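Subject: Structure handover

Hi,

Here is the structure I promised to pass on.

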Amino acid sequence: MDPQALSHLFATTLDPNPNVRKSGELEIRKVGNQEGIIAALLQIIASDSVDLAIRQACSVYVKNRVATTYHLDPALTPPEPKTITISDRVALKSLILPLLAASPSRSITVQLSSTLKTLISYDFPADWPELMGGAKQLLGSSNIREVGAGTVVVLEMVRAFRFRRKSDELLVIVEELFPTLVHIATQLLTTPPAGAEQEIPAILHFILKTYKSSIVLNLSKHQQSPESLVPWGRLLFQVINLQIPVEAVPQDEDERERSEWWKAKKWAYGVLGRLFHRFGNPSQLPSTMKDHYGAFAQHFVTSFAPEIFKVYLGQVDLYVSGQAWLSKKCQFQILSFFTECVKPKSTWALLKPHFETLVAKFVFPNLSFTPAKQDLWDSDPVEYLRVSIDEFEDYSSPVAGATSFLFQLVSSRTQTAFMPILHFVHQVLASNPTPPQRFGALNMIAALGPFIMRHPDVKINIEDFAMQHVLPEFKSSHAYLRAIAAEVIGTFERNKITWNNEANLSAVVSAVATNLDDTELPVRVQAALALTEMVASHESVKAAVAPQVGKVIQDLLKLSDETDLDILNSSMETMVEAFQAELLPVAAQLTSRLCESYLRLARECLAQEEKPNGGDLESAMESDGEDDKSFAAMGVAKTIGTIIDSVDSSPEILAQVQEVVIPIIAFTLEHKILDLFDNAYALVDSLTFKTRAISPNMWPVFEHTYRLFKSDAVDFLDEMLPALDNFVSYGTEMFKTRADYRQMIADIYTTSMTSDHLGEADRVHGSSLAESLLLNLRGHIDDLLPSIIKTAVDYIDSAETSSLRLANLEVLINAVLYNPAAALQLMEQYRAGTSRLFFDKWFAAIEKDMGLPRVHDKKLTIVALCACMDIDPSAIPEPLRAAWHGIVAGALKVLKDLPRAVAARDTLKDVHQEDVEEDEDEDDEDGRFLNLEDDDGDVWDEDSAYLELLAKEGERLRDKSEKTTIDGDDESESSDDSEIDEDLGYISALEKVDPYVTFKQALTNLQTKDPAIYQAGTTALNVEQQTMLMEVMRIAESHTVESQ
């Protein structure tokens, strides 16, 4: 297409008239597959005579087109879109480097860089060997813009291979290009060329980012060598020590943070941090990495780490004395390095003399109340709350870095660091500090609360501390001090403070309750969180709050609506659980309010989904806050679930709550808000299970579920299964009258077994659904039996996992229980000899230890074999007749094993309950928080052990993956036969069936109906089996007497 006409066409996509834009987009879609279209677009991007906005639009189109159609699998891709033509591929690879060098704007450079990365991923080096030479040519140019373009090219080359654990391409890139990069960067800093002030920081930024990207997983032998490490280390220190002229960066601190100079510094700190954390710390190096990096780590920690520490300490001294500025991300990197220095013996020796100064001069100011925090509090209190509550987990914030440093000091070096840090806090509080400093001291106490409440010499004094230093702040004229006071109390309560004086507890409760009505939103939120913790911990507080619980809940609802903080939903759950009796009369109204909140959040989720995004993984990873609404909606749904649990003792109120909740479930499903499906189906499951019935308004949810499964939500069967099972189990009468509903369930089963989009776990779920259908609708699905049996028979030999083998077998067993004669006949009609194949597999499971592992498995087999005893002799398929009498011995074998399975299930219940209790008491283990036997040696704690475990598991999975790749797809069956545990939440439709009585009745009927088979079956029993038969008959008789 003519470039000028194409340029005009892309101009229409920028027209303010939506109709013109739509028309232009449709036309672009029509011509997009034409050969030469990409080449023409590249010409437009290169043309200085074309409007910049049009050139940018073209670059975005090229990026997206290359990303989606440069490589297509013909087997998986529909006819449209077509892959990019050979001539356009040639144009892309020949023009993209010059285009990068001549790029007129940062935004176009970003699009071209992304395009380049895609090209590299698929074509370099095999189909684009010229790229290496092109990169070298740009890097060697005397034109600074071309050098900058060369650094972008190398960055994208590295990024294309950075996550490949074994990448020969990356090794070549590093060895051939990195010496040039470090030379360029050093020259730019030492002898900067005239007129290149704008380009130098960006080039440094790209070079350092390239190095960091290259060491995400591995550090090559070249990079470990002194020939590489020394010049790169020198460069990194040079960048960090560089004093940037004031006029070279913006005055505004936020803009300065984003400037290229400070990005370069950030990446320099990041490289040094990564080198130490992943490769250079021998005491924390996982065993799986010691062969590759053990020697390097030992050299690094003794020769390089001390230099890093010295340089960082110098930067902190300049910063705290006001002689230099540090960006927030650089502060975070420094604090992260100091945190890494705590556990190794050699670096702790460096840090130990300085930690008190660092805490006082660097950590404490970051935790104090700053003017920036005050500005945020005043301008956007909701955002202040969001930031402050999650601040410890913001992995680029100096507050998070400072807090992690404190945590590491007091947990790993408790004997040395804990008391001096607390002494510093006490000194601050005792020295008539300014309000921001008082906030900082209390903020440190809030952060260290879990450690304080586990130190035997400290926790005994916390009540006095709270009364002296915390309680008075509830009446402070500074709102942020009222907020931090409540936060400190909440932390103490969460970590099980003991109040020896009930009057003190009463005074604190009163202060917290008063702050629920504070004029400042952050104060009210912290008060609500603190009160929740106190209610959960003290019966006296619970009793005091009970008369006002309605107001407290309304306050929580209002706060939740104002802030959308998920943590407030957790508070609501706690309150609902604590005050079930008090809230029972207003449960429906409370649920209605929560449903309003849920709908508002769900609509906002929908609005967010409609917004355009960056379209790549990095954009998704770097997006901030977009999931807040989803998480808040999930929290509201969990609170609604808690209310449902709390009112199940009152069927009338439960029914009212159900009618209030159904519309939000329907809204979620109708609008396909996939993020909330798990919560929506949890509500359906809870409501249908608690009511043991399906209300008329719930049936549309079933219909929605089927339609979703057949379209957008085929992979949500795991979430749907409990609800679908309840529909079948508790909506039996409706299913009996609705053939279409029966067909829907059968279709879900068939689809789950045959769809290429689903795996074996989904097939197990589908089989469970078929089992529910057969058990609950006996006599009403005769028309569906052939397709169910056919589907199960097709999988009888192809299931790979033990779970699916058993689930599929039990579909056929259920079919036999449903109608023995018809089921066996259908098997033979489908494929001759199938009934014998099925019985062989069934009896193999009966004979195999743990072949039928669960109580339900054994009861199902017993009642199905009993059903077989009732079959007319003429209906027994020919392949089974000779051994038919064996069903008696088979049933006795399972009856013999049944008590052991029941006992194992009871034991599992007890163990589960003990685990729950242990989880509740887990936080009492002080050793998880404090190292009370500190000896200044290397520290190996739970975090270290966990990283070691992850490393070993990663190594095992990689070895397995490589072995599978080498050996083919024939995997060992060792992973097949994993134990199938009891599902303690599953209520079987056979729960009330007495297998002993059922067997006795069936055997008695067999004796009357077919004496010959009865005779053959009983006389074939050995002595042990005959004894078992008598015992079973005795138990059955006793059960019959007991039931009368």
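Below is what I found, going from the whole chain down to single residues.

Before you dig in: this is a predicted model, where local features need pLDDT of at least 70 and side-chain atom pairs count only at pLDDT 80 or more, while totals for chains, interfaces and linings use all residues. Residues are numbered from 1 along each chain as its sequence is written, and side-chain values use heavy atoms, with hydrogens and water left out.

**The whole chain**

The secondary structure comes to 52 helices and zero strands (DSSP runs numbered from the N terminus: helices are H or I with at least four residues, strands E with at least two). The C-alpha trace spans about 110 × 85 × 65 Å along its principal axes. Of the 1044 residues, 51% are buried (under 20% relative accessible area; exposed is over 50%, partly exposed in between, with a 1.4 Å probe and protein chains only). Take the contacts (heavy atoms within 4.5 Å) with a separation of 6 or more: 74% of them join residues 24 or more positions apart.

Val425 sits in helix 22 (residues 414–430) and counts as buried, at 2% relative accessibility. Leaving aside neighbours within four places in sequence, Val425 is in contact with Ala441, Met444 and Ile445. Phe364 is 61 residues from Val425 in sequence, yet their C-alpha atoms are 9.2 Å apart.

Ala680, in helix 36 (residues 677–691), is buried too, with a relative accessible area of 1%. Not counting residues up to four places away in sequence, Ala680 touches Ile665 and Thr668. Ile662 lies 18 residues from Ala680 in sequence and 9.4 Å away in space, C-alpha to C-alpha.

**A patch on the surface**

Tyr946, Leu947, Leu949 and Leu950 form a nonpolar patch with about 420 Å² of accessible area together. Patches here are made of residues with over 30% relative accessible area and no salt bridge, with nonpolar side chains (Val, Leu, Ile, Met, Phe, Trp, Tyr) joined within 5 Å and like charges within 9 Å. A salt bridge is a side-chain nitrogen of Lys or Arg within 4 Å of a carboxyl oxygen of Asp or Glu; accessible areas are Shrake-Rupley with a 1.4 Å probe, and for residues only the protein chains shown count as cover.

Cheers
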